[in-house]
Amino acid sequence: KTNNMGAAKRFANLLMRSWRQNIRDIRLNILRLTASVGQSFLFAQIFKTVSKGIPTGKSVADRTALLSFGVINMCMLALMKAMELFSREKNVVTRERMRQQYTGVEYLLSKIIAEFPLDAVFATLFAATLKWKTGLRCSLQVLCSTFSLMTVAGAALGYAIGSISPNADVAKATGFPIMIILMVVGIINPGGVDPDETQSRFVEWLRLISPIRWAIEALCIAEYRGMEFAKSKKGFFRTLLTDAPRMGGLALVENGDQVLDALGLASKSWEDSMWALAKLTGANLLLCLLGLSFCSPSVINSRGYNGAHELPGNEGEIQDVEEVIEVAGLLPTEGTKTNKNACYSGSSNTPLNVAYRPTPKI
């Protein structure tokens, strides 16, 4: 039986199943590839001032918007895909874990190894195409690594939301408002940041858990630090009217370091933002593991679905048997009788399965 396999073999089987599931979904992969590359071309057409060559002050607004929209786009795609898939698999995973086929740690680890690299590939394609079609200053390595880690963080958030949701519909209804809130608190104010203005603790807490915030900050730091604007030969006043930034706190900035100072990022580093993204990813995966363990549907006896098994003494609350049959996928057999407490097969003295809520195994 599967539950008698060693941990290594169980994990290998789970990993192979997750990998095949991703590879075989050709239509979804083609759609993700088209969306990643196609949106890079679209962004390059929209933000035309981010062109190749020496950057100008006029391109500051478009550069910030390009990086922000790129982050929001890829994070949203990763979150929606992970959230829906994870919540859809939850009932199947619950049935298999009730048979003690594997643990939540083994399942989650297999999903991470099978899916995160694929998510990173699409993020890398998006970043590489964006670098090719625009005049972004930060290196290809920095651009690709930032988008890849941000996509993984978005997928981890989708896992966490999916794990605590009973089904895909609830996951969507919960996930979209959460994503919008994290987007609102994560974007950079183009009008600049007032160092004397303080946010409420609640908003600061939301900003800490926003992957969009950390990714945008990392990209802006990598893009603007040390940037020098092209010198114009039009004269001071003509340059002021045509080539200087025209947005709030970014007006009249003369180089990239001044842009970072206006955005409140002068004292921060790319490494700090990436480390924050990594820690946020780990926290969301831990939340996912807890959701798998304590937010799963009601389960039945863990010894199997056939044969007579007794209800463990005082381990949990008895549930309605029709709910158990629906959740666990039990097929009623001939002579099966049900009442509000148990499902009997054969004789009334031989309980087939009884629903309860035991303490789940992580």
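**Working through the model**

A: Starting with S269: this residue is buried, with a relative accessible area of 18%. Buried means under 20% relative accessible area, exposed over 50% and partly exposed in between, with a 1.4 Å probe and protein chains only.

Q: Before we go on, what kind of model is this, and which pLDDT do local features need?
A: This is a predicted model, where local features need pLDDT of at least 70, side-chain atom pairs count only at pLDDT 80 or more, and totals for chains, interfaces and linings use all residues. Residues are numbered from 1 along each chain as its sequence is written, and side-chain values use heavy atoms, with hydrogens and water left out.

Q: OK, back to S269. Where is S269 found?
A: S269 is in the loop between α10 (256–262) and α11 (270–294). Helices (H or I, at least four residues) and strands (E, at least two) are DSSP runs, numbered from the N terminus.

Q: And what does S269 touch?
A: I221 and R225, leaving aside residues up to four places away in sequence. Contact means heavy atoms within 4.5 Å.

Q: Zooming out, how many helices and strands are in the chain?
A: The chain has 12 helices and 3 strands. Of its 362 residues, 46% are buried.

Q: What about surface and contact range?
A: The accessible surface of the chain comes to about 18,600 Å², and 60% of that belongs to carbon and sulfur atoms. Those areas come from the Shrake-Rupley method with a 1.4 Å probe; for residues, only the protein chains shown count as cover. As for range, take the contacts between residues at least 6 apart in sequence: 79% of them join residues at least 24 apart.

Q: Let's do helix packing. At roughly what angle do α3 and α6 cross?
A: Roughly 160°, and the axes of α3 (residues 60–98) and α6 (residues 168–186) come within 9 Å. Axes are lines fitted to C-alpha atoms, for helices over the stretch in contact, and angles run from 0 to 180 degrees between N-to-C directions.

Q: Parallel or antiparallel, then?
A: α3 is roughly antiparallel to α6. Angles under 35 degrees count as roughly parallel, over 145 as roughly antiparallel, 65 to 115 as roughly perpendicular and the rest as oblique.

Q: Who's in that contact?
A: From α3, residues including I72, C75, M76 and L79 meet α6 residues, among them A168, A171, K172 and F176. By class, the contact of α3 with α6 has 11 nonpolar, 2 polar and 2 charged residues. Ala, Val, Leu, Ile, Met, Phe, Trp, Tyr, Cys and Pro count as nonpolar, Asp, Glu, Lys and Arg as charged, and the others, Gly among them, as polar.

Q: Now α3 and α4: how far apart are their axes?
A: The axes are 11 Å apart, and α3 packs against α4 (residues 104–133) at an angle of about 155°. That makes α3 roughly antiparallel to α4. The residues of this contact divide into 11 nonpolar, 3 polar and 6 charged.

Q: While we're on α3, is A78 buried or exposed?
A: A78, which lies in helix α3, counts as buried at 2% relative accessibility. A78 touches T151, G154 and A155, not counting residues up to four places away in sequence.

Q: New topic: where is V142?
A: V142 sits in helix α5 (residues 140–163) and is buried, with a relative accessible area of 18%. V142 touches A222 and W270, not counting residues up to four places away in sequence.

Q: How does α5 pack with α8?
A: At an angle of about 175°, with the axes of α5 and α8 (residues 211–224) 10 Å apart. The two are therefore roughly antiparallel to each other. V142, L143, T146, F147, M150 and A153 in α5 meet P211, A215, A218, L219 and A222 in α8. By class, that contact has 10 nonpolar, 1 polar and no charged residues.
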